[in-house]
Structure formats: structure tokens, C-alpha cells
Amino acid sequence: MSKKIIINGGNIPKSTLPFSPGIISGDYLFVSGQASVDDQGNIVDDTFEGECRRSFDNLKRIVEAAGASLDEAVQVRNYVGKQEYLSAFNAIYREYFKEPFPARTTLIGCLGELLKFEVDAVIYVGK
């Protein structure tokens, strides 16, 4: 059985929802879906660009708290609220991820009205 290390606290946004922000299991960090939330876990309504960047910044905070960086991302799953946001999303994505890009899935139109963007990821943390 693999040991699980929970990544939370510190500089990571808090949540009252039943999930761990990140879990290291073996050589990988699994980061839960990150949205545009403040440090207390309250949703911050913004433009698509603002919500997208805040979500990626929250992802980055969890990854860095685990002692890694986004350069070690092996898979990123993105949830984009509307197709009209897709070109802005791709431009912002390149600000956070560089070649060689991680494996990626992007789903469009799956968030309802509450969020414009959400992201989760798998990060390699092995030696």
C-alpha cells in the first residue's frame, strides 16, 4: 500500500469542501481541481482571464508547497466554461507551461454558471 502525503495549509487556499488540495502518492503529486478562489476558499468572480490566471496560480501554490514546480507537470486537465474562451485559455496556458508540454485534456462547456475555469494536474515529484 502506498503512503499518502497530504499537501495543505500554509500558502494554499482553504476549502470547506471534502477534498485534499494535493496528495503525494509514490512519485506523483495529484492536485485537486483549482478554481478562482481566494485564500479562504471563496469564489472570486472575474473575467475569464482573471479566473484562469487565479486558478493556475492556486495550482502553482500547491505544487510549490509540495517542493515541485509546474515544469514537472505530466498531465493537466482543464475545464473551460465556454468555447469563446478557448483562444484566451491557450495563450494563458503558455504562460504557465512550456515545451515539452505535459499531456493535456481540455473540456469545454462543462462548468455551469458558477465558474469560468478550473484545472487539475498530476506532477512528477520523484527523484
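Leaving aside its neighbours within four places in sequence, with which residues is Phe97 in contact? Select Phe97 and display its surroundings: the partners are Phe56, Leu59, Leu70, Ala73, Val76 and Pro102, where contact means heavy atoms within 4.5 Å.

The model is predicted, so local features need pLDDT of at least 70 and side-chain atom pairs count only at pLDDT 80 or more, while totals for chains, interfaces and linings use all residues. Residues are numbered from 1 along each chain as its sequence is written, and side-chain values use heavy atoms, with hydrogens and water left out.

**The largest core**

Next, select Leu29, Phe56, Leu59, Phe97 and Ile123, which touch the most other members of the largest nonpolar core, a set of 29 residues. Such a core consists of buried Ala, Val, Leu, Ile, Met, Phe, Trp, Tyr and Cys residues joined through side-chain atoms within 4.5 Å. Buried means under 20% relative accessible area, exposed over 50%, and partly exposed in between (1.4 Å probe, protein chains only). Two or more residues come from each of β3 (28-34), α1, β4, α2 and β6; α1 gives the most, with 6 residues. Helices (H or I, at least four residues) and strands (E, at least two) are DSSP runs, numbered from the N terminus. Apart from this core lies another, of 5 residues, including Ala35, Tyr79, Leu111 and Leu115.

**Helix α2**

Now select residues 86-96, helix α2, and colour Ala88, Phe89, Ile92, Tyr93 and Tyr96, which are buried. They are on the same side of α2 because they cover an arc of only 135 degrees around the axis, the arc being that of the directions from the helix axis to the C-beta atoms. On the other side of α2, Ser87 and Arg94 are exposed. The buried residues of α2 pack against α1 (48-65), β4, β5 (103-108) and β6 (117-124).

**Strand β4**

Move to Asn78, in strand β4. Is Asn78 buried or exposed? Asn78 counts as buried because its relative accessibility is 0%. Leaving aside neighbours within four places in sequence, its contacts include Phe56, Phe89, Tyr93, Arg104 and Phe117.

Val74 is also found in strand β4 (residues 73-80). Val74 is partly exposed, with a relative accessible area of 37%.

**A cis peptide bond**

Finally, select Glu99 and Pro100: the peptide bond from Glu99 to Pro100 is cis, with omega near -5 degrees. Pro100 lies in the loop between α2 and β5. For comparison, most peptide bonds are trans.
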